[in-house]
Amino acid sequence: MNEQDLPPVAAPVLADAVDALSPRLRKRLDATVAKAAAWETSADQAANTVTVTVDEDTRVVLTVRDGAVRIAEDAVCSCLLAPACLHRAAVLGLAPVSEPLEDPGSSLVEGSGSPENPANLANPAIPESPSAEEAPDEPAALSSDQQAAVEALRAAAAELIDTGLVGAGLATEATLRRAVHTARAAGLHLPAAIGNRVAAQLRGYRGRAQDHSLPAYADELRTLMAALHTLSTSTDPVTLEALRGTARRRHEKQGGLRLVGVFSEPVIAGSGMAGVLTCVVDTDGAAWSVPAVTPGGPAQVENAYDGPVGLGGAALSHRELVRDGVIVSGAAASADGSLSHGAGVRAVRASGASWWDGPIDARFAEPIGEQLERVLTGRVGPPAAARAAASGVGLAPGVGLAPRIGDDLLFVTATILGAGAAATATGPGTKPGDVPVRLGDRFAVLRSVSDHKALAYADNLRILSQATGLRIRVIARLDPERPGVISPIAVSPNPDPDPDPAQSILRLPESWQGRACLGLDRLHSSMITSGDATPDQAAELPPRPTDTTAAIPVHHLRTAVERTAAGGRRAARLASVHDDARRLAAAGMPHAAAVLTHLATTAATPDRDAYGRAVPETVGVFAQAWLGAALFASAAAAHLAVTAWGCREE
């Protein structure tokens, strides 16, 4: 039996089943969930039930209503301890969690923070705030229900930070799921969405999911704690409205649009959603997105790519939309540029455009330095956040505008360098599979967005690495914490290649219309005609500019944050934390050293009094210290990336 054999279960049903267990049984819960994978299941379609056979005398019966197990009475065990039994709780814990497919207003889908998620899904910004003239009629404080929901989520997140990822079992996940459900019911849709992503990371870790990522988990946990801190301290109605989020995305009328396809990228989210997101641009070069993300696994990606776009009745798939275009009347879109599929929208198929001319070419005309500065400085938090973090006080980032699709992307023209140039073009931290390229007067490496087996990124980069001297246009995402590394989403070879025999040529199938979506289309070595460039010729290129930030060991702080997220309070008590703080101080980063020292100090605070009674306040203080360190590490890394890439810093 696995997750796919069981129906989705509502979060409160799972939480109630775990809460009903005695302390003795709760300690055995995670081991029983592992054993439950061997139990057999059978489904009765007529009765809408799924029966799990534990042994000859014990069976767990799940009744499905509206596609899920929605009330506690719909999960019944035949053993004598039922309903407070391990069998029932283990089956419910192994089943997928049913959550409303709501839109919190900040992202298309609840992502995991993993590289598989498209534009800004991995770490979305706070949703767009109304202008002063359009301020909502919301009270300048949370309601009592919302305050209780914030405290429940904060307590669940603090427990996660205290115990760490390795100590968080199904009982911890159930507590978080209940808090997420309470927050959603209270109208806190954005915190609920973030909390759901954290819960998905917990389940992914326990299930050894391929897309689980410790950095992504730490980022999601930081985002959740920061949002909750601001919700509980701010009295600004505009800020509170933005942080509450919305149950449904707001769409505004856009009128008629002439759109041409640019690229499509796969989505595999930890919350169980999958599909593709296709980017298009209008005649002015503004970017818009056409999503096709639904519940499903990795197989859903290819189905969505070849499936209909669902935009105003246009008769074409996403694979075709990437190469062609549409004319839309009655268009409506959200603040981040996501086009509505709703009633009143009409669309007809039209011709597309090359990346090397027309509206798409305009995106590549922006100087690379300005693009790098735009992407990097857009991620830098206010100095106040760093100062507050240095004092050990967790301060949430300010409310910003919802990022529009394309705002975090680079549109660059690159030349692929040969293997002999790798030592020149790359620096410390280079990974196998990286492809060295020249971006104007800069050097960088192309690194796979994802190593997921269902996606084509890694295989396609391996093919491109053979094309020494190839000149291509690349749409890529930037990793602020790894200067010199970009992750390509799609490429387009020069339609008029240089006749120089030293240059390689990439000939794509005619149906691809001169572009390849690297996560979805699969290149073949036969598509490349290799040039005569030698490694020696490539090595004569100027060396990569020196990374002036290499001597600043901010990674010590980031490592401590992630290590604490994984191992909890015990990890923050390690002697190496104090050693890292001394290294930061010696490198001229006294504030970072103070943040790390404060984290270690709060971790060492006794969590029981002289009589052996638990002191719950220490959990909250430690969680706030971790949040301060996480915010400082994120802001510092982004500022250093601006300098490392050679951009002007505001």
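I take helices (H or I, at least four residues) and strands (E, at least two) as DSSP runs, numbered from the N terminus.

**Ground rules.** I am working with a predicted model, in which local features need pLDDT of at least 70 and side-chain atom pairs count only at pLDDT 80 or more, while totals for chains, interfaces and linings use all residues. Residue numbers start from 1 along each chain as its sequence is written, and side-chain values use heavy atoms, with hydrogens and water left out.

**Entry 1, salt bridges.** I count a salt bridge when a side-chain nitrogen of Lys or Arg is within 4 Å of a carboxyl oxygen of Asp or Glu. With that rule I get 25 salt bridges.

I began in helix α8, where D219 and R222 both sit, 3 residues apart, about one turn of the helix. Their closest N and O atoms are 3.2 Å apart, and the two form a salt bridge. For accessibility I use buried for under 20% relative accessible area, exposed for over 50% and partly exposed in between (1.4 Å probe, protein chains only). D219 is partly exposed at 30%, whereas R222 is buried at 11%.

Next I looked up E220, whose side chain meets that of R197 in a salt bridge (2.9 Å, N to O). E220 belongs to helix α8 (residues 214–233) and R197 to helix α7 (residues 189–206), so this pair ties together parts 23 residues apart in sequence. Both E220 and R197 are buried.

In helix α20 (residues 575–586) I found R582 and D579, 3 residues apart and so separated by about one helical turn. Their salt bridge has its closest N and O atoms 2.1 Å apart. R582 is exposed, with a relative accessible area of 53%, and D579 is partly exposed at 30%. I also noted a network in which salt bridges with shared partners join D16, D19, R26 and R178.

Which loop holds D408? I found D408 between α14 (383–390) and β12 (409–416). D408 is buried, at 5% relative accessibility. Its side chain makes a polar contact of 3.1 Å with that of R477; by polar contact I mean a pair of N or O atoms within 3.5 Å, where within protein one must be able to donate a hydrogen and the other to accept it, and residues adjacent in sequence count only if both atoms are side-chain atoms.

I call two strands paired if DSSP finds at least two bridges between them. This open sheet has the order β9-β8-β7-β10-β11, with antiparallel pairing. Its edge strands, each pairing on one side only, are β9 (287–295) and β11 (346–350). Inside the sheet, 8 bridges pair β7 (residues 252–268) with β8 (residues 273–281) in the antiparallel sense. I checked F263 and found that its bridge partner in β8 is C279.

My nonpolar core is a set of buried Ala, Val, Leu, Ile, Met, Phe, Trp, Tyr and Cys residues joined through side-chain atoms within 4.5 Å. The largest has 70 residues, and F263, L464 and L523 have the most contacts inside it. Apart from that core lies another of 63 residues, including A186, A192, L584 and L596.
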